[in-house]
Amino acid sequence: MSDSPEINPDSSSVPAADQPSLLEDLKELQSTASVEELEIAETSARAAIEAVVADTAANRPSGATPAPIAGPFIDFDRVSISFGDRKILDQVSFQVGRGQTLCILGRSGVGKSVSLRILLGFLKPDSGSVHVNGQEITSLGESGLQEVRKHVTMVFQNGALFDSLTVGENIAFPLREKGGLQEDQVQQLVTRLLNLVEASETINLLPSSLSTGQRRCIAIARALAAQPEAILYDEPTTMVDPIMGRNIGDLIQRLKLQLGITSIVVTHDMRFAIRLADLVLFLDSGQARFFGPIREFMECTDPHVQQFFTLDAYALPDVGEAVK
Ligand SMILES: Nc1ncnc2c1ncn2[C@@H]1O[C@H](COP(=O)(O)OP(=O)(O)OP(=O)(O)O)[C@@H](O)[C@H]1O
């Protein structure tokens with residue numbers, strides 16, 4: 001199969017220079033562009049990334065970022081939650097290292113989104129602990145949780161954009177909220193973030209005129225404006241076409257490789273998970289049936305995992321090939 005998905009190498013074991021980057025996207029231009037055009041495109045791509053990285057570091061208020069701790073950035077330890085007499089998560093554990101991407105897979109209703117809401121403190125587990133950068137969050141009050149949400153943010157399916165504000169104003173919103181930036185700095189950062197998500201042409205549009213996929217890219221740019229260390233995505237490829245799905249996947253990958261963002265992605269899309277994940281959490285009947293590297297997941301012989309592959313192969317025929 002010519003376009004079989006590649007399994008991502010463990011990012012921690014690959015030298016940065018060998019990792020794919022935004023600049024690799026430019027290789028696609030090689031068949032059509034002149035050497036000069038390529039150099040300009042490459043230079044501006046590199047400049048956009050470096051500028052966002054620099055701004056991300058420079059504009060973070062001093063003392064606002066907790067010092068990195070040794071150990072996982074996110075640690076979900078034996079977490080259980082029930083609604084009424086329905087146990088949704090039963091002693092579920094997983095860990096995500098800084099800069100890693102975890103994909104949470106499983107059939108409908110197994111608690112994937114509930115896990116994200118627990119991580120953001122919107123739901124309290126009945127038992128277990130959740131640490132973010134070493135801090136236990138399940139016992140925090142609202143002000144403590146708001147502090148955590150500055151470092152771990154969420155991109156919702158619908159983008160959760162303000163419909164009355166233009167795209168540019170939506171992205172500027174968290175920058176202005178945070179304070180400390182001159183208006184021209186806000187505008188520069190908005191431009192750079194839109195370049196990073198390759199949507200600069202949308203700056204003056206209202207969200208209602210965007211496609212679902214574009215709204216998600218803008219939501220990612222707005223999430224980045226808050227300078228998070230981790231981004232949680234709930235079904236980022238639902239209701240978008242395969243090309244837009246691939247663009248969103250490429251963007252999540254770039255944020256990992258270029259900005260070191262930690263990602264947790266809830267998805268039904270196996271191809272997406274194969275391309276992006278360092279780690280997989282597979283939820284089934286309240287339990288973590290599998291947690292570990294994507295490569296081991298692909299070889300997992302647990303009958304529940306195998307059944308998921310089989311069902312997925314019905315929905316997406318060429319994923320079956322990838323699983324074999
Ligand atoms: N606040 C709540 N009160 C009661 N039940 C809830 C609540 N939140 C979620 N649930 C239930 O918990 C179960 C898991 O929900 P969740 O949204 O995590 O599923 P999911 O795995 O993300 O599924 P899908 O892939 O369909 O989005 C569902 O049965 C849902 O109805």
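This is a predicted model: local features need pLDDT of at least 70, side-chain atom pairs count only at pLDDT 80 or more; totals for chains, interfaces and linings use all residues.
**View 1**

**View 2. The six-stranded open sheet.** The strands of this sheet follow the order E6-E7-E8-E3-E9-E10, and their pairing is mixed. At the edges lie strand E6 (152-155) and strand E10 (287-293), each of which pairs on one side only. Averaged over the sheet and with direction ignored, neighbouring strands are turned by 15° against each other. In general, the strands of a sheet pair through backbone hydrogen bonds, in either a parallel or an antiparallel arrangement.

**View 3. Pairing of strands E3 and E9.** Strand E3, comprising residues 101-105, runs parallel to strand E9, comprising residues 279-284, and four bridges join the two. Within this pairing, Ile104 has Leu281 of E9 as its bridge partner.

View 4. E6 is paired with strand E7 (residues 230-234) in the parallel sense, through four bridges, and the bridge partner of Val152 in E7 is Ala230.

**View 5. Helix H7 and the residue Gln227.** Helix H7 is made of 14 residues, numbered 212-225, and the distance from its first C-alpha to its last is 20 Å, close to the 20 Å expected at 1.5 Å a residue. Because 13 of its 14 residues are buried, H7 is largely enclosed by the rest of the structure. After H7 comes Gln227, which has a positive phi, near 55°.

**View 6. The protein chain as the setting of the close-ups.** The secondary structure of the protein chain amounts to 12 helices and 10 strands, and 37% of its 324 residues count as buried. Where contacts in the protein chain link residues at least 6 apart in sequence, 67% of those contacts join residues at least 24 apart.

Notes
Residues are numbered from 1 along each chain as its sequence is written. Two strands pair if DSSP finds at least two bridges between them. Axes are lines fitted to C-alpha atoms, for helices over the stretch in contact, and angles run from 0 to 180 degrees between N-to-C directions. The expected span of a helix is 1.5 Å times one less than its number of residues. A residue is buried if 20 or more other C-beta atoms lie within 10 Å of its own, exposed if 12 or fewer, and partly exposed in between; C-beta atoms are placed from the backbone. Two residues are in contact if their C-beta atoms, placed from the backbone, lie within 7 Å.
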